[in-house]
Amino acid sequence: MSYELHRYEDENFKIIFHLDERKKGEAFITNWHEHPELLYFISGNASVHSDDNVIKASRGDLVIISPGRLHEVRSDTDECVYYCLIPNIEHMSGISSLPTKSNSSEIVDIYKKIILEFEKKESSYKQVVIGYVKVLFALLSRVKDADSDTESAEKFHIVKQSINYMYEHLSDDITLDAMCGEIGVSKYYFSHIFREITGQSAIPYLNYLRCQNAKKMIEDGVGISESAFSSGFHNLSYFSRTYKKLMGMLPSEIKVSSKS
C-alpha cells in the first residue's frame, strides 16, 4: 500500500532523490508510505516525527524513517535544509530493521557519494547509485537502535487505516461516519486520536490529500475542472479557495510539466 504516491520516471531506477527545506511554523502534512526514507540534514535543526518517536536532527545527521511509519519534519530553527532519499522497498531485500538515526562517518560518506552521483549524473550513475543504496542499507542494518513498539501502536494503526481509506475513496463523498464504520471505531475516539497524532482534524487532512492529487494531475496536463472533480471536489469555487488556503497559490498558477 502507498499513501504518499511515488512516481518513477525510470521503472528500472526506483529511487527518488531531492533537496528539501522546511521553515519554522510552516504548515506540515503527516504522511506515510511503504518505502524507507533517509534524510540527511545540511543546515538548521529539526524534529522528525516518526510514529510516536521524535528524532532531533541537526547538520550532519542522517535520519532514517522505516517503511510504514507516519512521519513529518518540523523545523526547530528559522529554516532547515536536508536531502531526501526514498529508495523503493525492494532495495531493502533481506533487511528487516533500520535505526532511526546515524551520524557514523562511514554511513554518511556513502550518502554523500549518492548526492555526488545525482549532482554529476555521469554515465552509468544510476547503477552506481543503486550499488551505494544497497551498501547504505547493509551498513545501517548493523546499527542497533532503541526504537520499539509502544502502547500507542494501535492508535497509529487506526490513523494509517484512515489515511488508506481516504486515498482509496478520494473522489467519493467521504463522511466520518462511513470511514469510522469501515475502520471499526467511534467517531469521537477517531477524531481525538487523529488530531493527537497528525496535529489536525481529518477533513482538512483529506482536503490536503485531494489538493495534492489535483496538483499532480494538473502538472501532468489534465484540465483544472477534471482534476478537481477526480480528486473529490464537486465545486470549482470551493476547490480554488481550498487550494489557495492549503497550497498557497491558485490552481491556475500550477505549472504543467514539460514531459506531459
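Axes here are lines fitted to C-alpha atoms, for helices over the stretch in contact, and angles run from 0 to 180 degrees between N-to-C directions. Helices (H or I, at least four residues) and strands (E, at least two) are DSSP runs, numbered from the N terminus. This is a predicted model, in which local features need pLDDT of at least 70 and side-chain atom pairs count only at pLDDT 80 or more, while totals for chains, interfaces and linings use all residues. Residues are numbered from 1 along each chain as its sequence is written, and side-chain values use heavy atoms, without hydrogens and water.

**View A. Helix α3 packs on helix α4.** α3 covers residues 153–168 and α4 covers residues 176–183. The angle is about 125°, and the axes lie 10 Å apart. The two helices are therefore oblique to each other (angles under 35 degrees are roughly parallel, over 145 roughly antiparallel, 65 to 115 roughly perpendicular, the rest oblique). From α3, Ile158, Gln161, Ser162, Tyr165 and Met166 meet Ala178, Met179, Glu182 and Ile183 of α4; contact means heavy atoms within 4.5 Å. These contact residues divide into 6 nonpolar, 2 polar and 1 charged (Ala, Val, Leu, Ile, Met, Phe, Trp, Tyr, Cys and Pro count as nonpolar, Asp, Glu, Lys and Arg as charged, and the others, Gly among them, as polar).

**View B. Helix α6 packs on helix α8.** α6 spans residues 202–219, and α8 spans residues 236–247. Their axes are 10 Å apart, at an angle of about 100°. That makes α6 roughly perpendicular to α8. Among the contact residues are Tyr208 and Cys211 of α6 and Phe239 and Leu246 of α8. The contact divides into 9 nonpolar, 3 polar and 1 charged.

**View C. Strands β4, β3 and β6 form an open sheet.** The order is β4-β3-β6, with antiparallel pairing. Strands pair if DSSP finds at least two bridges between them. β4 (53–57) and β6 (71–75) are the edge strands, each pairing on one side only. Neighbouring strands are turned by 20° against each other on average, direction ignored. β3 (residues 46–50) pairs with β4 over 5 bridges. Ala46 has Ala57 of β4 as its bridge partner.

**View D. Strand β5 is covered on both faces.** β5 runs over residues 62–65. Leu62 and Ile64 are buried on one side, Val63 and Ile65 on the other (buried means under 20% relative accessible area, exposed over 50%, partly exposed in between, with a 1.4 Å probe and protein chains only). Strand β2 (residues 37–43) joins β5 through 4 bridges, antiparallel. Leu39 has Val63 as its bridge partner. Strand β8 (residues 101–102) is joined to β5 by 2 bridges, also antiparallel. Here Leu62 stands opposite Ser102.
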